[in-house]
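Subject: Structure handover and findings

Hello,

Please find the structure below. My notes on it follow.

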Amino acid sequence: MSAVLLAVLTGCAAPSGSGGGTGERGRVGSVAAPADDPVRPFAAPGEDPEPEKCEDGSDPAESLKPSGEAGEAVERIQDRGRLVVGVDQNSFLWGYRDPTTGKLGGFDIDLAKEIGKDILGTDPDITFKTIPTDQRIRALEKGDVDMVVRTMTISCERIEEVAFSTAYFEAGQQMLVPKDHARVKGFDKSLEGRRLCYASGSTAETLMKEDDYQQLGARTLRVPNQLDCLVRMQLGEADAIVTDSALGAGQAAQDPSVRLIGEPVTVEPYGVAMNLEDEDLVRRVNKVLDDYRKGGAGSKWRAAYDEWLADDMKGTGEGGAPKPPEPKYRD
(Lines give C-alpha, C1' and ligand atoms only; values in the text may rest on other atoms or scores of the structure.)
Protein backbone atom coordinates (compact mmCIF):
# COMPACT_ATOMS: atom_id res chain seq x y z
CA MET A 1 0.00 0.00 0.00
CA SER A 2 1.41 3.42 -0.92
CA ALA A 3 2.13 5.98 1.78
CA VAL A 4 -0.34 8.44 0.26
CA LEU A 5 -3.08 5.81 0.10
CA LEU A 6 -2.43 4.82 3.71
CA ALA A 7 -2.69 8.48 4.77
CA VAL A 8 -6.03 8.81 3.02
CA LEU A 9 -7.39 5.55 4.43
CA THR A 10 -6.54 6.60 7.98
CA GLY A 11 -8.90 9.51 7.64
CA CYS A 12 -6.98 12.43 6.14
CA ALA A 13 -8.90 14.58 3.72
CA ALA A 14 -7.29 15.06 0.35
CA PRO A 15 -5.29 18.28 0.10
CA SER A 16 -6.66 21.01 -2.12
CA GLY A 17 -4.62 22.98 -4.58
CA SER A 18 -0.87 23.28 -4.70
CA GLY A 19 1.64 24.22 -2.04
CA GLY A 20 1.00 27.86 -2.90
CA GLY A 21 -2.73 27.66 -2.31
CA THR A 22 -4.56 29.69 0.30
CA GLY A 23 -7.76 27.66 0.60
CA GLU A 24 -9.33 26.33 3.79
CA ARG A 25 -7.18 23.20 3.75
CA GLY A 26 -3.85 25.02 3.72
CA ARG A 27 -2.14 28.40 3.68
CA VAL A 28 1.34 29.34 2.58
CA GLY A 29 3.07 32.54 3.62
CA SER A 30 5.32 34.18 6.15
CA VAL A 31 4.27 34.12 9.80
CA ALA A 32 3.64 37.28 11.78
CA ALA A 33 3.41 36.84 15.54
CA PRO A 34 0.37 38.48 17.15
CA ALA A 35 1.26 41.14 19.70
CA ASP A 36 -0.75 39.40 22.41
CA ASP A 37 0.93 35.99 22.11
CA PRO A 38 1.78 34.58 25.56
CA VAL A 39 5.39 34.48 26.67
CA ARG A 40 6.68 30.93 26.21
CA PRO A 41 10.32 30.01 26.86
CA PHE A 42 11.03 28.08 23.70
CA ALA A 43 14.64 27.12 23.31
CA ALA A 44 16.39 29.14 20.65
CA PRO A 45 17.63 26.97 17.77
CA GLY A 46 20.52 24.87 19.09
CA GLU A 47 19.70 25.35 22.80
CA ASP A 48 18.24 22.85 25.30
CA PRO A 49 14.52 23.35 26.04
CA GLU A 50 13.06 23.96 29.49
CA PRO A 51 9.50 23.27 30.71
CA GLU A 52 7.18 26.22 30.29
CA LYS A 53 6.49 28.57 33.20
CA CYS A 54 3.58 31.00 33.17
CA GLU A 55 3.99 34.73 33.75
CA ASP A 56 3.13 34.34 37.46
CA GLY A 57 5.81 31.64 37.81
CA SER A 58 3.34 28.75 38.00
CA ASP A 59 3.68 25.44 36.19
CA PRO A 60 0.85 24.92 33.67
CA ALA A 61 1.13 21.14 34.15
CA GLU A 62 -0.11 21.38 37.76
CA SER A 63 -3.64 19.99 38.05
CA LEU A 64 -6.23 19.20 40.74
CA LYS A 65 -5.67 16.41 43.24
CA PRO A 66 -7.35 13.12 42.31
CA SER A 67 -10.71 12.10 43.71
CA GLY A 68 -13.16 9.30 43.05
CA GLU A 69 -16.14 11.43 44.08
CA ALA A 70 -18.88 12.06 41.53
CA GLY A 71 -19.86 15.70 41.18
CA GLU A 72 -22.05 17.47 38.64
CA ALA A 73 -19.95 16.65 35.57
CA VAL A 74 -19.39 12.99 36.41
CA GLU A 75 -23.08 12.55 37.27
CA ARG A 76 -24.05 14.17 33.97
CA ILE A 77 -22.07 11.50 32.12
CA GLN A 78 -23.43 8.69 34.31
CA ASP A 79 -27.04 9.86 33.91
CA ARG A 80 -26.54 9.99 30.14
CA GLY A 81 -24.96 6.52 30.25
CA ARG A 82 -22.40 7.50 27.66
CA LEU A 83 -19.01 9.25 27.55
CA VAL A 84 -18.27 11.53 24.59
CA VAL A 85 -14.55 11.88 23.86
CA GLY A 86 -12.87 14.09 21.28
CA VAL A 87 -10.09 12.15 19.56
CA ASP A 88 -8.02 12.00 16.40
CA GLN A 89 -8.43 9.40 13.66
CA ASN A 90 -5.33 10.50 11.71
CA SER A 91 -2.45 10.09 14.20
CA PHE A 92 -0.87 6.67 13.70
CA LEU A 93 -0.13 4.91 17.02
CA TRP A 94 -2.06 7.55 19.03
CA GLY A 95 -5.56 7.85 17.61
CA TYR A 96 -6.17 6.40 14.15
CA ARG A 97 -8.77 4.41 12.25
CA ASP A 98 -7.47 1.04 11.12
CA PRO A 99 -8.32 0.81 7.39
CA THR A 100 -8.71 -2.97 7.61
CA THR A 101 -11.22 -2.97 10.51
CA GLY A 102 -12.64 0.54 10.53
CA LYS A 103 -12.02 0.70 14.29
CA LEU A 104 -10.13 3.37 16.22
CA GLY A 105 -6.96 2.39 18.07
CA GLY A 106 -3.88 3.89 19.66
CA PHE A 107 -2.36 5.05 22.93
CA ASP A 108 -4.91 7.86 23.39
CA ILE A 109 -7.82 5.57 22.56
CA ASP A 110 -6.72 3.05 25.22
CA LEU A 111 -6.56 5.83 27.82
CA ALA A 112 -10.02 7.11 26.89
CA LYS A 113 -11.43 3.59 27.28
CA GLU A 114 -9.85 3.30 30.73
CA ILE A 115 -11.50 6.57 31.80
CA GLY A 116 -14.81 5.32 30.45
CA LYS A 117 -14.55 2.11 32.50
CA ASP A 118 -13.94 4.05 35.70
CA ILE A 119 -16.93 6.36 35.21
CA LEU A 120 -19.43 3.97 33.59
CA GLY A 121 -18.24 0.48 34.52
CA THR A 122 -17.24 -2.55 32.46
CA ASP A 123 -17.89 -2.30 28.73
CA PRO A 124 -18.75 1.42 28.80
CA ASP A 125 -20.67 3.21 26.04
CA ILE A 126 -18.15 5.66 24.54
CA THR A 127 -18.74 7.90 21.56
CA PHE A 128 -15.45 8.82 19.90
CA LYS A 129 -15.90 12.13 18.12
CA THR A 130 -13.09 12.96 15.72
CA ILE A 131 -12.16 16.63 15.76
CA PRO A 132 -9.37 18.57 14.00
CA THR A 133 -6.49 20.11 15.92
CA ASP A 134 -7.83 23.65 15.74
CA GLN A 135 -11.32 22.66 16.99
CA ARG A 136 -10.35 20.91 20.25
CA ILE A 137 -10.93 23.86 22.59
CA ARG A 138 -14.10 24.97 20.84
CA ALA A 139 -15.59 21.47 21.13
CA LEU A 140 -15.07 21.57 24.90
CA GLU A 141 -16.41 25.09 25.32
CA LYS A 142 -19.55 24.23 23.34
CA GLY A 143 -20.10 21.00 25.27
CA ASP A 144 -19.85 18.87 22.15
CA VAL A 145 -17.52 16.49 24.03
CA ASP A 146 -16.91 15.67 27.69
CA MET A 147 -13.16 15.58 27.21
CA VAL A 148 -10.44 15.60 24.59
CA VAL A 149 -7.82 12.84 24.57
CA ARG A 150 -5.80 13.84 21.54
CA THR A 151 -2.06 14.39 22.14
CA MET A 152 -2.97 17.85 23.47
CA THR A 153 -0.11 19.82 25.02
CA ILE A 154 -0.73 21.54 28.34
CA SER A 155 0.31 25.21 28.04
CA CYS A 156 -0.11 28.54 29.84
CA GLU A 157 -2.26 29.83 27.00
CA ARG A 158 -4.56 26.81 26.95
CA ILE A 159 -5.17 26.56 30.71
CA GLU A 160 -6.98 29.89 30.43
CA GLU A 161 -9.55 28.21 28.17
CA VAL A 162 -9.76 24.56 29.26
CA ALA A 163 -8.86 22.43 32.28
CA PHE A 164 -6.23 19.69 32.05
CA SER A 165 -5.50 16.49 33.87
CA THR A 166 -1.99 15.72 35.03
CA ALA A 167 0.41 14.88 32.20
CA TYR A 168 0.23 11.34 30.83
CA PHE A 169 3.05 11.67 28.26
CA GLU A 170 5.86 14.08 27.39
CA ALA A 171 7.10 14.99 23.92
CA GLY A 172 8.61 18.03 22.19
CA GLN A 173 8.54 19.88 18.89
CA GLN A 174 10.74 18.23 16.30
CA MET A 175 11.15 18.21 12.53
CA LEU A 176 10.17 15.52 10.04
CA VAL A 177 11.85 15.42 6.61
CA PRO A 178 12.21 12.99 3.68
CA LYS A 179 14.87 10.34 4.24
CA ASP A 180 16.38 10.92 0.81
CA HIS A 181 17.44 14.27 -0.61
CA ALA A 182 16.10 16.33 2.29
CA ARG A 183 16.46 20.04 1.64
CA VAL A 184 16.00 20.96 5.32
CA LYS A 185 18.67 19.88 7.81
CA GLY A 186 17.18 21.26 11.03
CA PHE A 187 16.12 24.50 12.70
CA ASP A 188 18.86 26.43 10.92
CA LYS A 189 19.60 28.41 7.74
CA SER A 190 18.60 25.44 5.59
CA LEU A 191 14.97 26.49 6.29
CA GLU A 192 15.31 29.75 4.38
CA GLY A 193 12.75 29.84 1.58
CA ARG A 194 11.65 26.25 2.24
CA ARG A 195 8.03 25.18 2.71
CA LEU A 196 7.41 24.23 6.34
CA CYS A 197 4.11 22.57 7.28
CA TYR A 198 2.30 22.47 10.63
CA ALA A 199 -1.24 22.13 11.99
CA SER A 200 -3.30 25.21 12.76
CA GLY A 201 -3.88 25.63 16.49
CA SER A 202 -0.90 23.43 17.37
CA THR A 203 2.09 24.28 19.55
CA ALA A 204 4.17 23.96 16.38
CA GLU A 205 2.36 27.04 15.08
CA THR A 206 3.13 28.93 18.31
CA LEU A 207 6.77 27.87 18.09
CA MET A 208 7.19 29.11 14.55
CA LYS A 209 5.81 32.53 15.54
CA GLU A 210 8.77 33.02 17.90
CA ASP A 211 11.24 35.65 16.66
CA ASP A 212 14.21 33.24 16.59
CA TYR A 213 12.25 30.84 14.37
CA GLN A 214 10.69 33.46 12.13
CA GLN A 215 14.18 34.73 11.35
CA LEU A 216 15.06 31.35 9.83
CA GLY A 217 13.05 32.48 6.81
CA ALA A 218 10.78 29.48 6.16
CA ARG A 219 7.65 29.73 4.05
CA THR A 220 4.83 28.27 6.13
CA LEU A 221 2.01 25.95 5.15
CA ARG A 222 -0.78 25.70 7.72
CA VAL A 223 -3.30 22.84 7.61
CA PRO A 224 -6.12 21.63 9.92
CA ASN A 225 -4.56 18.28 10.93
CA GLN A 226 -1.06 16.88 11.43
CA LEU A 227 -1.50 14.10 8.89
CA ASP A 228 -2.40 16.64 6.20
CA CYS A 229 1.24 17.75 6.45
CA LEU A 230 2.47 14.22 5.74
CA VAL A 231 0.30 14.04 2.63
CA ARG A 232 1.62 17.44 1.52
CA MET A 233 5.20 16.27 1.91
CA GLN A 234 4.45 13.02 0.08
CA LEU A 235 3.11 15.11 -2.82
CA GLY A 236 6.19 17.34 -2.85
CA GLU A 237 4.25 20.37 -1.59
CA ALA A 238 6.19 20.69 1.70
CA ASP A 239 9.91 20.35 2.44
CA ALA A 240 9.58 19.63 6.16
CA ILE A 241 7.01 19.22 8.96
CA VAL A 242 7.13 20.64 12.47
CA THR A 243 5.17 18.49 14.90
CA ASP A 244 5.34 16.83 18.31
CA SER A 245 8.06 14.21 18.44
CA ALA A 246 5.45 11.64 19.46
CA LEU A 247 3.27 12.36 16.44
CA GLY A 248 6.32 12.54 14.20
CA ALA A 249 7.39 9.08 15.33
CA GLY A 250 3.95 7.80 14.35
CA GLN A 251 4.20 9.41 10.93
CA ALA A 252 7.68 7.97 10.40
CA ALA A 253 6.34 4.52 11.33
CA GLN A 254 3.46 5.00 8.91
CA ASP A 255 5.67 6.19 6.05
CA PRO A 256 9.23 4.75 6.02
CA SER A 257 10.31 7.35 3.47
CA VAL A 258 10.41 10.09 6.17
CA ARG A 259 12.40 10.51 9.40
CA LEU A 260 12.69 12.72 12.47
CA ILE A 261 15.83 14.86 12.68
CA GLY A 262 17.53 16.77 15.48
CA GLU A 263 16.37 16.94 19.09
CA PRO A 264 13.07 18.33 20.45
CA VAL A 265 13.18 22.10 20.99
CA THR A 266 10.31 22.23 23.51
CA VAL A 267 9.03 20.24 26.48
CA GLU A 268 5.44 19.25 25.71
CA PRO A 269 3.37 17.49 28.41
CA TYR A 270 0.18 15.87 27.09
CA GLY A 271 -2.96 16.09 29.21
CA VAL A 272 -6.63 15.14 28.99
CA ALA A 273 -8.53 18.39 28.35
CA MET A 274 -11.94 19.19 29.87
CA ASN A 275 -14.27 22.16 30.32
CA LEU A 276 -13.05 24.65 32.93
CA GLU A 277 -16.26 24.18 34.95
CA ASP A 278 -15.92 20.39 35.24
CA GLU A 279 -13.56 20.28 38.23
CA ASP A 280 -14.97 17.01 39.57
CA LEU A 281 -14.32 15.37 36.20
CA VAL A 282 -10.72 16.64 36.23
CA ARG A 283 -10.19 15.08 39.67
CA ARG A 284 -11.81 11.82 38.53
CA VAL A 285 -9.56 11.61 35.46
CA ASN A 286 -6.52 12.29 37.66
CA LYS A 287 -7.57 9.36 39.85
CA VAL A 288 -7.72 7.16 36.73
CA LEU A 289 -4.26 8.37 35.67
CA ASP A 290 -2.81 7.64 39.13
CA ASP A 291 -4.07 4.07 38.84
CA TYR A 292 -2.94 3.88 35.20
CA ARG A 293 0.66 4.71 36.17
CA LYS A 294 0.90 2.35 39.17
CA GLY A 295 2.95 -0.80 38.92
CA GLY A 296 6.02 0.40 37.03
CA ALA A 297 6.84 -2.12 34.31
CA GLY A 298 3.54 -3.87 35.06
CA SER A 299 1.35 -0.77 34.83
CA LYS A 300 -1.48 -0.26 32.38
CA TRP A 301 0.45 2.77 31.09
CA ARG A 302 3.45 0.54 30.29
CA ALA A 303 1.20 -2.05 28.63
CA ALA A 304 -0.26 0.62 26.34
CA TYR A 305 3.23 1.98 25.62
CA ASP A 306 4.51 -1.48 24.72
CA GLU A 307 1.56 -2.18 22.44
CA TRP A 308 1.56 1.10 20.54
CA LEU A 309 4.79 3.03 20.94
CA ALA A 310 7.72 0.84 22.01
CA ASP A 311 8.82 -0.07 18.48
CA ASP A 312 8.92 3.51 17.24
CA MET A 313 9.75 5.82 20.17
CA LYS A 314 12.64 6.23 22.54
CA GLY A 315 11.88 5.60 26.20
CA THR A 316 11.63 8.53 28.59
CA GLY A 317 13.15 6.89 31.66
CA GLU A 318 16.63 5.84 32.71
CA GLY A 319 18.34 3.47 30.28
CA GLY A 320 15.68 4.18 27.65
CA ALA A 321 12.91 2.45 29.63
CA PRO A 322 9.49 4.07 29.15
CA LYS A 323 8.23 6.13 32.06
CA PRO A 324 5.16 8.37 32.43
CA PRO A 325 5.63 11.94 33.72
CA GLU A 326 5.29 12.43 37.47
CA PRO A 327 1.94 14.05 38.35
CA LYS A 328 1.94 17.64 39.62
CA TYR A 329 -0.81 19.20 41.73
CA ARG A 330 -1.61 22.78 42.67
CA ASP A 331 -3.99 22.18 45.61
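Strand pairing first: two strands count as paired if DSSP finds at least two bridges between them. Helices (H or I, at least four residues) and strands (E, at least two) are DSSP runs, numbered from the N terminus. This is a predicted model, in which local features need pLDDT of at least 70 and side-chain atom pairs count only at pLDDT 80 or more, while totals for chains, interfaces and linings use all residues. Residues are numbered from 1 along each chain as its sequence is written, and side-chain values use heavy atoms, with hydrogens and water left out.

Overall figures

The protein chain has ten helices and 16 strands. Of its 331 residues, 51% count as buried; buried means under 20% relative accessible area, exposed over 50%, and partly exposed in between (1.4 Å probe, protein chains only). The accessible surface of the chain is about 14,700 Å², and carbon and sulfur atoms hold 45% of that. Areas come from the Shrake-Rupley method with a 1.4 Å probe, and for residues only the protein chains shown count as cover. Taking contacts (heavy atoms within 4.5 Å) between residues at least 6 apart in sequence, 75% join residues at least 24 apart.

Strands

Strand β10 (residues 173-178) has five of its six residues buried. β10 is antiparallel to β13 (residues 240-244), with four bridges, and Gln174 has Thr243 of β13 as its bridge partner. β10 also runs antiparallel to β14 (residues 258-261), again joined by four bridges; here Val177 is bridged to Arg259 of β14.

There is also an open sheet of five strands with mixed pairing, in the order β6-β2-β7-β16-β8. β6 (126-130) and β8 (163-164) are at the edges with a single partner strand each, so one side of each has no neighbour in the sheet. For β8, two antiparallel bridges connect to β16 (residues 273-274), and Ala163 has Met274 as its bridge partner there.

Cavities and Asp244

Three cavities of 30 Å³ or more are present. The largest cavity holds about 80 Å³ of space. It is lined by 13 residues, and those closest to its centre are Arg136, Thr151, Ser202, Gln226 and Asp244. For the method: on a 1 Å grid over the protein atoms alone, a cavity is a set of points where a 1.4 Å probe fits but cannot get out, and lining residues have an atom within 4 Å of a point. Grid points are joined across faces, edges and corners, and a volume is the space filled by probe spheres set on the points.

Asp244 lies in strand β13 and counts as buried because its relative accessibility is 4%. Beyond its neighbours within four places in sequence, the contacts of Asp244 include Thr151, Thr153, Glu268 and Tyr270. Asp244 and Ala204 are 40 residues apart in sequence, with 7.5 Å between their C-alpha atoms.

Positive phi

Which backbone angles may be worth a look? Thr151 is a residue other than glycine with a positive phi, near 40 degrees. Thr151 is in the loop between β7 (147-148) and β8, and is buried at 6% relative accessible area. Asp123, also not a glycine, has a positive phi of about 55 degrees. Asp123 sits in the loop between α3 (107-120) and β6, and is exposed, with a relative accessible area of 68%.

Regards

How values were computed. 1 Å grid on protein atoms, 1.4 Å probe; cavity = no way out; pocket = protein on both sides within 12 Å on 5 of 7 lines; lining within 4 Å.
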